[in-house]
Amino acid sequence: MTPVVSVASVNGPSDALVVGVDSGGSGLRIALAEAASGAVLDTRASREPVRTGPGGISARHFLDQVLPTVRALTEPHGPRPVVAVAVGAAGMATLGDELRAELPGAFAEAWGVRRLALAADAVTAYAGALGQRPGAVVAGGTGMIALGTDLTSWRRADGWGHLLGDCGSGAWIGRAGLEAAMRAYDGRRGGSAALLVRAEKLFGPAAGLPGALYPRTDRPAVLASFAPEVGLCAAEDPVAADILTRAARHIAEAAEAACPAGPGARVALTGGLFKMGDPLLVPLRAALGELVPHAEAVGPAGDPLAGAVALAAALATGALRLPEDPALLRLFGEDAPRAASSAQVGGGASTRDESADRIPDAP
């Protein structure tokens, strides 16, 4: 079992380790890395997503998976201490109260950890894609959110779900494609016969589509499942091509809203939506060039797990430059900086009890 080690300094011992955790709808991924360099030593994955309950994301279920996994990861490395942990979790901003209340003490007791970052998954996606540079990251999949920072505060754009937003997302593209299919079925303007054929092949007779879709609790995912069909039709079907052009415009508008002004900013795209390739990326590059001309478009350097590792390593070495925010990135530890509210995130001055951010002494 990994011994408890107290950390006396920001940097910790030269052989110190850090842990990064990426928790999402498809399960957990955990990485063990060198604190000094951020080099990953080993990873583990679980396909069991962390449960949610009345208190939000379940801290107990999270710890039941993470603690034994980290123990197994650290055992081959002897008595090297774990000095910092960073957790990125889907739903952290709105469902993370239980994690914020329980994880600092649990990690201090298990490993003597003095530094902890709890982040929304959009933050770890940002850190993985762009590191600690100013810019914006658009995460696109079933939903869509853009997150940007000038290293002073964060700006969020969209991510409001398929009923209120997620404009340009997989669910948005799929819904627009199915609407075009139903227009063709009715004989209305704006319909696409090609999309109607694909919709009926995927879901059955068009007249039965409302009954098949509306009772589903996973409607966004069902809608998003049709987005690749829109992409496949785009080369030959002007209606499908127009849907992707409009989606690209929405995505670029979110990037524009989130990206800081001034030179040196970068924009990165991450997530399964952009695997659609040129039918979406060609109009998107054009829209980004028009709306965010000052920002360099770059490929993501890494994924959200890499971002969690980068956060943990920066926290361990005192090199963290990304801003703390009550909703997006909370830092725990006796010398952790206090959070300041960000534009469009946090909603004004923080009223939280700062004593809650102090990690208790390990027994």
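Contact here means heavy atoms within 4.5 Å. With that in hand, welcome to a predicted model, in which local features need pLDDT of at least 70 and side-chain atom pairs count only at pLDDT 80 or more, while totals for chains, interfaces and linings use all residues. Residues are numbered from 1 along each chain as its sequence is written, and side-chain values use heavy atoms, with hydrogens and water left out.

**Overall picture**

- The protein has 13 helices and 13 strands, taken as DSSP runs numbered from the N terminus (helices: H or I, at least four residues; strands: E, at least two).
- Of its 363 residues, 50% count as buried (under 20% relative accessible area, with exposed over 50% and partly exposed in between; 1.4 Å probe, protein chains only).
- Among contacts between residues at least 6 apart in sequence, 68% join residues at least 24 apart.

**Nonpolar cores**

- The largest nonpolar core holds 63 residues, and F62, V66, V85, V87, L103, F107 and W111 touch the most other members; such a core is a set of buried Ala, Val, Leu, Ile, Met, Phe, Trp, Tyr and Cys residues joined through side-chain atoms within 4.5 Å.
- Leaving aside neighbours within four places in sequence, L103 is in contact with F62, L63, V87, L116 and L118.
- A second, separate core has 51 residues, including A146, M182, L196 and A287.

**Helices α6 and α7**

- The axes of α6 (residues 170–186) and α7 (residues 193–203) come within 8 Å and cross at roughly 105 degrees; axes are lines fitted to C-alpha atoms, for helices over the stretch in contact, and angles run from 0 to 180 degrees between N-to-C directions.
- The two helices are therefore roughly perpendicular to each other (65 to 115 degrees; under 35 is roughly parallel, over 145 roughly antiparallel and the rest oblique).
- On the α6 side, G177, L178, A180, A181, A184 and Y185 make the contact, and they meet A193, L195, L196, A199 and F203 of α7.

**Two residues to look up**

- A181 lies in helix α6 and is buried, with a relative accessible area of 1%.
- Beyond neighbours within four places in sequence, A181 is in contact with S192, L195, L196 and A199.
- A181 and V239 are 58 residues apart in sequence and 9.9 Å apart in space, C-alpha to C-alpha.
- T245 is found in helix α11 (residues 238–258) and counts as partly exposed, at 41% relative accessibility.
- T245 and P283 are 38 residues apart in sequence and 5.6 Å apart in space, C-alpha to C-alpha.
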